[in-house]
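These are my notebook entries on one structure. I set down what I looked up, entry by entry.

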Amino acid sequence: MLATARRMPLTIAPEHRRRLLLLLPAVGFLALAFALPLALIAIRSVTDPEPGLGHYVTIGTVNVYLRVLAATFGLALTVTLATVVLGYPVAYALARSRGTWRFLLVALVLLPFWTSLLVRTYAWMVILGRYGIVNQVLMALGITEEPLKLLHTSLATHVGMIHILLPFLILPLWSVMTRLDPALTMAARSLGASPLRAFLRVFVPLTLPGVMAGAMLVFILALGFYVTPALLGGPADLTLSMLISQQVSELLAWGFASALAVTLLVATLAVLALAGRFLGLGRIWEGLD
Amino acid sequence: MAAASGRRGAPVRLDGLRKDFGSSVAVDNLSLEVGAGEFLTLLGPSGSGKSTTLLMIAGFVAPTRGEVFVSGKPITRKAPHERDIGIVFQHYALFPHLKVFDNVAFPLKMRQQPAARIAERVAWALDLVRLGDLGSRYPHQLSGGQQQRVALARALVFEPSLLLMDEPLGALDRRLRETMQGELKRLQRALDLTVICVTHDQEEALTLSDRIAVMNHGRVEQLGTPEELYERPQTPFVAEFLGESNALAARVLRRDESRAVVRTTQGLDMVVAGAAPAGEGEVRLAIRPERIEFLQEGEARDNVADAKIDEVVYLGDAVRYLLRIPSGETLIVKARSVAGGGPRMGDAVRVGWSADAVLVYAGAGAASANGLPPPPKAGEGRGRG
Ligand SMILES: Nc1ncnc2c1ncn2[C@@H]1O[C@H](COP(=O)(O)OP(=O)(O)O)[C@@H](O)[C@H]1O
Ligand SMILES: [Mg+2]
């Protein structure tokens, strides 16, 4: 909550230092499985095929790469905004519901969440396909004669990603909403606020940290999305992760792919840092716990 | 202190209020009147229906039956924001994203008051609670006591016809609670507020209230001034809940017009004043611990017993003794503490109490028909929450 946004002290009392040893296995695992490969990628990006910053110069100067970078961020941004608009009411309904309703709503949010991403992406291919359910309904209603091209479009990418990422917004937001003291909206009502004004003046501002937390999570995940845009999108909807995959699997350009990966990582960290600076990272973490 | 604009609190009437939650009855046929400018407390153990009653008055819980009147007009079908009732919540419910000034200005903004008027009223309300210079702080930058005052200012700034408080001082430490009790009483008198306050703290209820309604199982067990309730509790529950009481079960042995002799289940005989309830039946007795005295050689009372001191608890201004009498009963006795003196643990003493110190209630059968639980062991009646 806003009221408790404080920084934790980073110094550790000497008597607690020995307990830090308990962190060793986790730190070791992360170092081996994450930090080391990352370092190797970073090194490769400036050594393969020859030493130098050539790859980065290419990325920074060749129009196509900048466009893909911008498109990737644009896609992530639209998807994030859409999940906020769609997810907020769902989280609200979840927070307000009791008993059977709550159970049903939670199931509706969690079941897709627990289903493999690949399965859900294929499901969308079936739904949006030439003779999928959407086109059949549209034709049955006489809205269109010919099946529309829905699959392999930017629309399909958006729909698929929004669907897959929605729970990442809803769940942290729901947690923030249920932790909000109901007396706060009651106080607003008793002080003369209509239900709508109590919602807009008190409930929404106080659940914004949850929105920020969820949106941040969705945005960062969306930046690295690969499977869904690759399967649902058209040839024009190239994202950075698809570009990386292309470089590796089709052109075997490991060095350039590494440079692209580092670029994506740095851009993501930059967004996080900006968000942390302007929104307060502490609040975002608080929204997540 | 700046003057209020002359509006005083309104009279309130609850008429047959009832609330069912599924098959359980939270509030049962509750009727009472609160005068304009009166401080009424709903006092009762946890789960007795106090908060539900308050929420029905405020409009957050729809009564199953019954009506709430303010100034003679029914408000039962009005939405909470149309009721003109100020509420102080237990944990204050200050808006954490708004500064103190904006918290207090909130009800005025909701009423579309002009900015100049808002500034003036907020200043008035903050002065009222002696927080004049803290308007630009956020709630989390304030101490508990200060937050409590902001909540009060916010609930008073729009001069509501009625102020509701749910355990308003429950979250404060004892010292602060006493100060705030004084302030609250001062404000209520100065502004002529009608207040309905909920608490399970009997001391708070006794200090603040003009009248207290003792609630149990969703009903008002007794309604009266603090003195009436303490001196003449009408049911064993009230005797137990308000203050401490020695509860004993007994049987009437014989009676005349002004006195009766009863025998407790353990076999202690005592004289009680007033006509005991008619019939040969069972009765319940309650004796306040401070009405039992230690007797010197040769001193006499209506009732006298030899006893041994089992336990001594020093309370500062008083000492609480646990006595065992030969018939087997334990009695709690409370006496003013005397420097360096007083009986000690293990001492054999003689105690006595007058006939009119014994409160007599119709017996166990009649009491359970009233929906009363069996009397708790003496001393348990307090501080339940
Ligand atoms: N929303 C509710 N749903 C079901 N039962 C409730 C609800 N609110 C209160 N109750 C029940 O009603 C009774 C009275 O509760 P309450 O008014 O909160 O008592 P108090 O404030 O005196 O502790 C309790 O038994 C409680 O469990
Ligand atoms: Mg309560």
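**Entry 1: Ligand 1**

I began with Thr52(B): an N or O atom in its side chain is 2.5 Å from an oxygen atom of ligand 1. I note here that the model is a predicted one. I then looked up two further residues of chain B. A polar side-chain atom of Ser51(B) lies 2.7 Å from an oxygen atom of ligand 1, and for Lys50(B) the corresponding distance to a ligand oxygen is 2.9 Å. I next asked how much of ligand 1 the protein buries. Taken alone, ligand 1 exposes 560 Å², and 54% of that is buried by the protein.

I listed the residues around ligand 1: Phe21(B), Ala26(B), Pro45(B), Ser46(B), Gly47(B), Ser48(B), Gly49(B), Lys50(B), Ser51(B) and Thr52(B). By class, this shell holds 3 nonpolar, 6 polar and 1 charged residues. Helix 1 of chain B, residues 50-58, gives the most to the shell, with 3 residues.

**Entry 2: Where chain A meets chain B**

I turned to the contact between the chains, which takes 20 residues from chain A and 23 residues from chain B. I recorded that the two chains bury about 1900 Å² between them, with 72% of it on carbon and sulfur atoms.

I then looked for polar links across the interface. The count of salt bridges between chain A and chain B is 0, whereas 4 residue pairs are in polar contact.

**Entry 3: Backbone details**

Most residues other than glycine have a negative phi, and most peptide bonds are trans. I looked up an exception of each kind.

In chain A, the peptide bond from Asp48(A) to Pro49(A) is cis, with omega near 0 degrees. I placed Pro49(A) in the loop between helix 2 (24-45) and helix 3 (54-61) of chain A.

In chain B, Gln112(B) is not a glycine, yet has a positive phi of about 55 degrees. I located Gln112(B) in the loop between helix 2 (100-110) and helix 3 (115-128) of chain B.

Key: Residues numbered from 1 in each chain as written. Chains lettered and ligands numbered in written order. Predicted model: local features only at pLDDT ≥ 70, side-chain atom pairs only at ≥ 80, totals over all residues. Heavy atoms only, no water. Near = heavy atom within 4 Å. Polar contact = N/O pair within 3.5 Å; in protein donor to acceptor, adjacent residues only side chain to side chain. Areas by Shrake-Rupley, 256 points an atom, 1.4 Å probe, with all protein chains shown as cover. Helix = DSSP H or I, 4+ residues; strand = E, 2+ residues; numbered from the N terminus. Nonpolar A, V, L, I, M, F, W, Y, C, P; charged D, E, K, R; others polar. Contact = heavy atoms within 4.5 Å. Buried area = accessible area lost by both parts, 1.4 Å probe. Salt bridge = Lys/Arg side-chain N within 4 Å of Asp/Glu carboxyl O.
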